[in-house]
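Biologist: Hi! Could you walk me through this structure in plain words?

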Amino acid sequence: MVRLILGFALALMLGACSGGESTEAAEKGVVAFHADMDAGKYAQIYDASSEDMTSTISRADFEKMLDGLHRKLGPFKSGKTTSWNVNFGTSGNYVTLQREAQFARGPGSEEFVFRVQNGRAILAGYHVNSNLLIVN
């Protein structure tokens, strides 16, 4: 019984370490995403994304979407993660970050989903909400 409890405790500790490393990788992924978006490297973002994303949107549509978002929101100024979730599953390790963001033209909220492989965050989904997107 003691071995079972120790084994379970060890598994929890290892999972916590991996979760922290995965979250850290995802946070770095957010920084890279915003730098590339502000530089207009939309195709580069798409090409580096996971199949989770590229199977749901074409490169051309993705580039149009990011260009439109950037025109309406302006460059990224600052942001912070308000919540996160790490999911270790049979289909991979995914990290979801909910973030408050400040763009040049106003505030918004973002959701990033990253597939984490070998300590590297690969974009699997991006969603942004802002009242600026519904104003002409």
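Biologist: Is Phe103 buried or exposed?

Modeller: Phe103 has 2% relative accessibility, so Phe103 counts as buried. Buried is under 20% relative accessible area, exposed is over 50%, and partly exposed is in between, with a 1.4 Å probe and protein chains only. Bear in mind that this is a predicted model, where local features need pLDDT of at least 70 and side-chain atom pairs count only at pLDDT 80 or more, while totals for chains, interfaces and linings use all residues. Residues are numbered from 1 along each chain as its sequence is written, and side-chain values use heavy atoms, with hydrogens and water left out.

Biologist: Thanks! How many aromatic pairs are there in the whole structure?

Modeller: Searching the whole structure gives six aromatic pairs. Rings of Phe, Tyr and Trp (its six-membered ring) pair if their centres lie within 6.5 Å; planes under 30 degrees apart are stacked, over 60 edge-to-face, and the rest tilted. One of the pairs is Tyr46 with Phe62, a tilted one with 5.5 Å from centre to centre and 50° between the planes.

Biologist: Where do Tyr46 and Phe62 lie?

Modeller: Tyr46 is in helix H2 (residues 42–48) and Phe62 is in helix H4 (residues 59–73), so this pair ties together parts that are 16 residues apart in sequence. Helices (H or I, at least four residues) and strands (E, at least two) are DSSP runs, numbered from the N terminus. Both Tyr46 and Phe62 are buried.

Biologist: And which kind of pair do Phe76 and Phe103 make?

Modeller: Their ring centres are 5.9 Å apart and the planes sit at 75°, so that pair is edge-to-face. Phe76 belongs to strand E1 and Phe103 to strand E2, 27 residues apart, and the pair links distant parts of the chain. There is also an aromatic cluster formed by Phe33, Phe112, Phe114 and Tyr126.

Biologist: Let's switch to the strands. What is their order in the sheet?

Modeller: The sheet is open, with four strands in the order E1-E2-E3-E4 and antiparallel pairing. Strand E1 (76–89) and strand E4 (120–129) are at the edges with a single partner strand each, so one side of each has no neighbour in the sheet. From one strand to the next, the twist averages 20°. That angle comes from axes, which are lines fitted to C-alpha atoms (for helices over the stretch in contact), and angles run from 0 to 180 degrees between N-to-C directions.

Biologist: How many bridges join E2 to E3?

Modeller: Strand E2 (residues 92–103) and strand E3 (residues 106–117) run antiparallel and are joined by 10 bridges. Two strands pair if DSSP finds at least two bridges between them. E2 and E3 form a hairpin, with two residues between them.

Biologist: What about E1 and E2, over how many bridges do they pair?

Modeller: E1 and E2 pair over 12 bridges, again in the antiparallel sense. In that pairing Asn85 faces Thr96 in E2, and a hairpin runs from E1 to E2 through two residues.

Biologist: I spotted Arg99 in E2. Is it buried or exposed?

Modeller: Arg99 has a relative accessible area of 8%, so Arg99 is buried. The Arg99 side chain makes a polar contact of 3.3 Å with that of Glu27 and one of 2.9 Å with that of Thr81. A polar contact is a pair of N or O atoms within 3.5 Å; within protein, one must be able to donate a hydrogen and the other to accept it, and residues adjacent in sequence count only if both atoms are side-chain atoms.

Biologist: What else does Arg99 touch?

Modeller: Not counting residues up to four places away in sequence, Arg99 touches residues including Val30, Phe76, Gly79 and Phe112. Contact here means heavy atoms within 4.5 Å.

Biologist: Back to the helices. Which residues of H4 are buried?

Modeller: In H4 the buried ones are Phe62, Leu66, Gly68, Leu69, His70 and Leu73. Just after H4, Gly74 has a positive phi of about 85°.

Biologist: And Asp36, buried or exposed?

Modeller: Asp36 is buried, at a relative accessible area of 18%. Asp36 is part of helix H1 (residues 2–38). Leaving aside neighbours within four places in sequence, Asp36 is in contact with Lys41, Gln44 and Ile45.
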